Amino acid sequence: MLKKANRIEPGSQQERSLKKHNPWIICTCNRQCSITLITGCYTCEWQIKQEKKSRPGPCCCSWKEKIFFPFLIISFLLSVVLLFVWIETSNEYFGFDWVIFLGTGYWFFWSIVLLSLFGILTAYSSLLVVLAFLLVWEGYELYLHWCHKILILLMILLCSFVLWILCQLWQERWLTAGLSLQIFAPYMHLSGITVMVILSWPVAFYLIHLEEEVRMRRYKMMYDRETAKGCNILTKLRALQVTIGLPFFLILLCLYIVPLGIHSPCIQEEDKLGPKPDFFGHRGAPMLGPENTMMSFEKAVEQGAYGLESDVQLSYDQVPFLMHDNDLRRTTNIRNVQPNASITHSSFFLWSFLSTLNAGKWFVQSQFKPFYHMKPLSRADREKAENQRIPKLTDLLELAQKEKKFVIFDLNTPPRKHPLRHTYIRHVVSVILASKIEQHLIFWLPSFDRQYVQSRAPGFQQVGQLFSIERLTKENISRINVDYKRLFYKGLKDYKAANININLYIVNEPWLYSLAWCSRIHSVTTDNIQTLSQLNHPYFFMTPGYYMFMWLLMDSVSAVLIFAIFYFHWWRESKKEMFNNSIHTDLRSLSLQQREHGSQDSTNLPNKPSFRVLGNPWALSAFYPALTKSTKKQPGSCHFLVVPKKKSSEPEQVKETIKPLMPSKDDVRQPSPTEKTFEPTWDAPREATLETALPSLKWLPISLGIKASPKNG
């Protein structure tokens, strides 16, 4: 009757004993599973082939894979560049979404979609590169599945197309990336050294293994006739060493000396740091309230704004009002009131109609939310935003006069067939003067008909653009309003040397505001006033002495670590080589001893073979041939012979005793008197082997349940 197999419970003593006595099973299974996963993800083949290289050679793949592998590296580099540029230009996300809205009429966070897409492409290409290096590390040949190859080619085309668009239509985004390098360069330098220390481990491992391969090939060439083929392989191995090692050490050397060429405005002495730049609320505080509404401007005043920035349009009945877009689709409910007039220019409407439109409900709807990282509104702010209307310019001037805030605005030119097409500048100046606001609170930005403005309102502070210093001096302009990307060109040092105040627009990111602070910029126009106003010190600021200390410390520590890693791999390989040489020496001496004994045996022993040992002398069949048929071989690395257990509890005695093995007369040839009797000489190792092996045979018949005869003891 068969017994049921006992189930091993998880966490039981049996399981712990199994793990203790068989740890190689767990390690082998885990390693096999990981290799299966890596190979399956890279090649889409989930069965591991057993053809594995024992040592890294000059080639790790076929010529087709060699041709395609550079495309994988190119796709990785393109995706990384795109992801870096898009992350660093996050300050422009609203402008990008707005441009897409003008073309499609539908508001969505297209910038976040592209950010996610570039992140996925970068992660995908990075994963394939890492898997390729892991397969090479394990010694498997590279074979990228055709699905991956098609996706890689499509990714290269997509990234190239996006880069072409950026170069043709959005060239200034590259200036933003350059500004980010100015402030992040010291930290990227320190991070790059850390990455090189991490990469030194596989590089050292592979270079030392290649060196070991070269030594082995040279040793083999000493006994091989094909020297030309061997020299060709050695040349390939040396070329592979140079291909891997030379770029690594060149990049490391460049990282060690790159601080000599780094110029960052945020690396300066503490006493040379300028005052904190002031804030102009761009259309108020558009993250706290609907843009260009009185709620938004009031929120900007609460956050400590230095001035208020807006956009002015003129209605058909000559009333200046605040609106950025030329049409009313995005920031009003014109689609619900007059759907057919939603794309009509706002200057063709009468103020009596414009004042009835709602300018705040869109702000509280999630699908029209202007900024992705906006905080949710409180219940009171939500109700207030839903009741906002389009304000007039005079409403903003009253608030500025009350709070003593400066006002700067873009004055949009009316469209054709508008009654104020050519006289809109003079009309707006007369409206401002009629509001009784202090003239010095007005920063006059339009450049058209500036002489009339200076003569009619001499108290206005004239604000220019990026004109030449001679023109600014001639027109008596002491302040300029420029795009923040122009800070890339020498930090606008010439204008600061001429005592011209600089206002940058639009600065929303803290790192960009910190760069403006370190560059001694006087003011910025921002949408993110609630965040930037909380900064008490610029980000990424450090003194030259501190950066010098960190530079030398990182260089010295990394050099020591990289040297230690290379020395460790060299020591481990030399230790393996010494061990292998000792084994080869022992085997060589043992073979020489066997040859010597073999020559002695051939002279002393007769030509007829021995009568007993026809196979393995320690095999069970030599002693008990009848029992080998009933044995079972157990699976494993070593095959043990196990006899099946008896069904009865008491062992049965063997009826027939086994006769001892005695040689017959025909089997033994008597030596002639002339021949010398051979007496084998036993050395110490053989004698010790017999002493340990023969006693183990004594219990063999007993363990098999065989009763030995008295003659056999």
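Among contacts in the protein (heavy atoms within 4.5 Å) between residues at least 6 apart in sequence, 69% link residues at least 24 apart. The structure is a predicted model, so to speak of local features a pLDDT of at least 70 is needed, side-chain atom pairs count only at pLDDT 80 or more, and totals for chains, interfaces and linings use all residues. Residues are numbered from 1 along each chain as its sequence is written, and side-chain values use heavy atoms, with hydrogens and water left out.

The protein has 23 helices and 11 strands. Both are DSSP runs, numbered from the N terminus: helices are H or I with at least four residues, strands are E with at least two. Of the 713 residues, 39% are buried. Here buried means under 20% relative accessible area, exposed means over 50%, and partly exposed is in between (1.4 Å probe, protein chains only).

Next come the nonpolar cores, meaning sets of buried Ala, Val, Leu, Ile, Met, Phe, Trp, Tyr and Cys residues joined through side-chain atoms within 4.5 Å. The largest one holds 70 residues, and Ile 432, Trp 444 and Leu 504 have the most contacts inside it. Helix 18 (residues 510-518) gives the most to this core, namely 7 residues. Which residues does Ile 432 contact, leaving aside its neighbours within four places in sequence? They are Leu 393, Leu 397, Phe 409, Ile 437, Ile 442, Trp 444 and Phe 460. Apart from this core lies another, of 42 residues, with Leu 72, Ile 112, Trp 362 and Ala 385 among them.

Glu 291 belongs to the loop between strand 1 (278-282) and helix 9 (294-302). Is Glu 291 buried or exposed? With a relative accessible area of 7%, Glu 291 counts as buried. Its side chain makes polar contacts with two arginine side chains, Arg 283 at 3.4 Å and Arg 330 at 2.9 Å. A polar contact is a pair of N or O atoms within 3.5 Å; within protein, one must be able to donate a hydrogen and the other to accept it, and residues adjacent in sequence count only if both atoms are side-chain atoms. Setting aside neighbours within four places in sequence, the residues in contact with Glu 291 include Phe 94, His 324, Thr 331 and Trp 362.

After helix 9 comes Gly 304, with a positive phi near 85°.

As for rings, the structure holds 34 aromatic pairs. Rings of Phe, Tyr and Trp (its six-membered ring) pair if their centres lie within 6.5 Å; planes under 30 degrees apart count as stacked, over 60 as edge-to-face and the rest as tilted. Trp 362 and Phe 363 form an edge-to-face pair because their planes are at 85°, with the centres 5.7 Å apart. Both residues are buried. Phe 568 and Trp 571 make a tilted pair, 6.3 Å centre to centre with 35° between the planes. These two lie in helix 20 (residues 544-604), 3 residues apart, about one turn of the helix. Phe 568 is partly exposed at 30% relative accessibility, and Trp 571 is partly exposed at 39%.

Finally, a few backbone spots stand out. Most residues other than glycine have a negative phi, and most peptide bonds are trans. Tyr 505 and Ile 506, however, are joined by a cis peptide bond, with omega about -20°. Ile 506 lies in the loop between strand 8 (501-505) and helix 18. Gln 318 is not a glycine, yet its phi is positive, about 70°. Gln 318 sits in the loop between strand 2 and strand 3, and is partly exposed at 34% relative accessible area. Arg 520, also not a glycine, has a positive phi of about 60°.
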